[in-house]
Amino acid sequence: MTSRFTELLSLKRTLLLDGAMGTLFQAAGMPAGVSPSQYSLERPDLLLSFHRAYIEAGADIVTTNTFGANPFKLEAGLDLEDFNRRMARIAREAASQAGRNVLVAGNVGPTGHFAKPLGDVDPAELVACFERQIRALTAEGLVDLIFIETQFDVTEARAAAAAARRVCSLPVMCSMTFEQGASLTGSTPALFAETMQNMGCAVVGTNCSLGPAEMAPVAEEILRYASDCLVMAEPNAGLPELVDGKTVFPLGPERFAELTAPMAAKGCRIVGGCCGTTPDHIRALKKAVEAQAQGAELVPPERHAGIVLTSRQRLVRIGTGEPFTVIGERINPTGKPKLTAELQQGVFSLALEYAERQIEAGCQVLDVNVGAHQVDQKTLLPRLLATLAGKFPVPLCLDSSDDAAIEQGVLWSPASALVNSINGAEGRMARLGALCRDFGCPFILLPMRGAKLPVKAKDRIAILESLLAEAEHLGIPRRLVLVDILALAVSSKHEGAVECLALAEWCREAGLATTIGLSNLSFGLPARELVNATFLCMGAGAGLNSCIGNLVSPRIAEAVGAIKVLQNHDPAAGEFIAGFSDWKSQGGSEQPGRAREERSGARTPYEAVLHGDREHVEALLDEELAKGTRPFDIVNSSLIPAITEVGSRYEKKIYFLPQLIRSAETMQAGFAHLKPLMKQDASEKRPVIVMATVEGDIHDIGKNIVCLLLGNHGFEVVDAGKDVKARDIVDLAEARHASVIGLSALMTTTMVRMEETISLLKERGLAIPVMVGGAAVTKAFADAIGADAYCVDAVEAVDAAKRLTA
């Protein structure tokens, strides 16, 4: 951490962030259609006065006016490097005149794009985008920390934090926006906090979208899991409302402070304001924080030993006190000629089948290995990881001896994936360990140097201690280390199992999580599953926390089920009873658990859409056609009901954005496959919907998702794009005889433009209903401007479109 940051923290009090900038620019008369970025260049004196006002109000940290100053969002014609440097200079000028220690935070906002395969941006391009902005912000040494804020996807937040780690040594503060307990892509506050702690962030927190009352439970959840960092909270001044044609936030300074200060009492070390707040809000907040008793309602963080793996939607802990974890080993071409042949052809059907069967069997993490002859691992491993991440919610384990493949694979892993593995080979810790540190990836650590594997536990421990010291020197925390206790074949090294158990016991005492490649242990013996399962039970007793194994194997499934019951990780033995009620002592149960099925994957077109099985939907449609089912009947009885059920699951928060998009794309592929066979009545016309992001707004993620879903439900969608003038929207709707117009806006400064389209329609006498939506839009706002429907998400947009065209 920088000396100024450390000095401020030493004061042992709550620190205050500044508040909104857009609110002040609007109040100062910023012309319509001019962005805060452009206006701050035209009026740097105003920007300087805003920073000074926040400092005078009590802010300890002021943020540079660079929220949208990345390559994807900065307005054309503005020099990115020059703009970021100038904003840093203005903020530093204000801070240096404060007469006290005031920090400058280099502000980094979202790009407005998703990384592939969910979106359209290559993950390496996303990291490079943030590197460029952060390099410009830090070029002259004027900022004290990097503030990554208003993130809605953990993958993008991770890319920004990794960029900061690569470019500078400044502390990183990272904040995500949540609604209804999850981010846009389904990450909980706990998952976000753990992923960012893996990244080494100094501060994690939440901002925007919510007022202080709604944000309080989110902040409390982050506080419970932020054991290695500070927590910040920055709510809006309530939810936006439209008053006299202007967007306003309803909470005045005193009420805002009254509702926000309790978050500081619960443990948020940094608090401030987001949309709608002013220096008066920060001044009132400072007074309220100072007046309350500190620590009386403190939320203590939970302490967990071991590692944490995450995907966008799943969090898996491995360590002492956690349920025993099996890392599925089946996606590995060794000894699998069919899988090898598919990988050589770049085909993933069998790999996906293995993945699905392992997850159904209960695997919480999947090991992914493509190391076969004539396979370019650095190309194929990222491709397979992207495919798996797009289809399944579990964290992944990147298994390769090719460093270049691991480096590429880490970029394509959505959050905190596991890297398999790092050993004591010269330079490997410095190369791969640093990569894992920068991207927050736990890794499997092998206690070996050179080609020879030590037999005795004491020799392995000596190597481990040396490797751990090397990791510490590189700034790699122990929370990223999973020790492989290294199985030796007991057929040739008879004491191998005993030494493994001794190492597991040592690691438990040292607070280190452990794993083992289970199948190696029984090599050369008959009844290998019996040996493996027996060792698993012995290992769990000695402190072994996980294994890389085959949970589809009945013996292993039995052992793991029993371990969970005996270690009190299966309440009332519920899972065990459900999985083994038909167990027989002679040879075990034929079907322990949910997933001992011969065939995996979707069996019908309905299931293909429901589960997003793009790989098999066309073959399943062909099967239905071969049975004599008419194409129209397949669409009406299978595809449309399936996508409707997907929408229902999305509304209930059973599905999140990745599943919604994958199912929609599967539906799209299925419909395209059937379309040539469907001879529609030429007179039949589908309702036309014109979609647009309003003038001044360049965010189109939400609009694009709505377009995709509307198309799946039979509408003809005309996408007008983003930053579209009201006149152009109405002209297009009139020319295309549109049945509905859909308008999107992300920012409070642009959502007021929606009313222009509605007014213009009335002027021209066009009775075209308008539906509106976007992060800043509320039902009250929609009603105030005369919109015909308010849509909180893409699923509601489909329902609204159906109502409006009925």
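**Aromatic pairs and a buried serine**

Y39 is buried, at 7% relative accessible area (buried means under 20%, exposed over 50%, partly exposed in between, with a 1.4 Å probe and protein chains only). This is a predicted model: local features need pLDDT of at least 70, side-chain atom pairs count only at pLDDT 80 or more, and totals for chains, interfaces and linings use all residues. Residues are numbered from 1 along each chain as its sequence is written, and side-chain values use heavy atoms, leaving out hydrogens and water.

**Aromatic pairs**

- The structure holds five aromatic pairs (ring centres of Phe, Tyr or the six-membered ring of Trp within 6.5 Å; planes under 30 degrees apart are stacked, over 60 edge-to-face, the rest tilted).
- The F25 and Y39 rings sit 5.8 Å apart at their centres, with planes at 75°, so this pair is edge-to-face.
- F25 belongs to helix α2 (residues 22-27) and Y39 to helix α3, so the pair ties together parts 14 residues apart in sequence (helices are DSSP runs of H or I, at least four residues; strands are runs of E, at least two; both are numbered from the N terminus).
- F25 is buried too, at 0%.
- Ring pairs join F25, Y39 and F50 in a cluster.

**Around S40**

- S40 lies in helix α3 (residues 36-42).
- Its relative accessibility is 0%, so S40 counts as buried.
- S40 touches F25, L47, N65, F83 and M87, leaving aside residues up to four places away in sequence (contact means heavy atoms within 4.5 Å).
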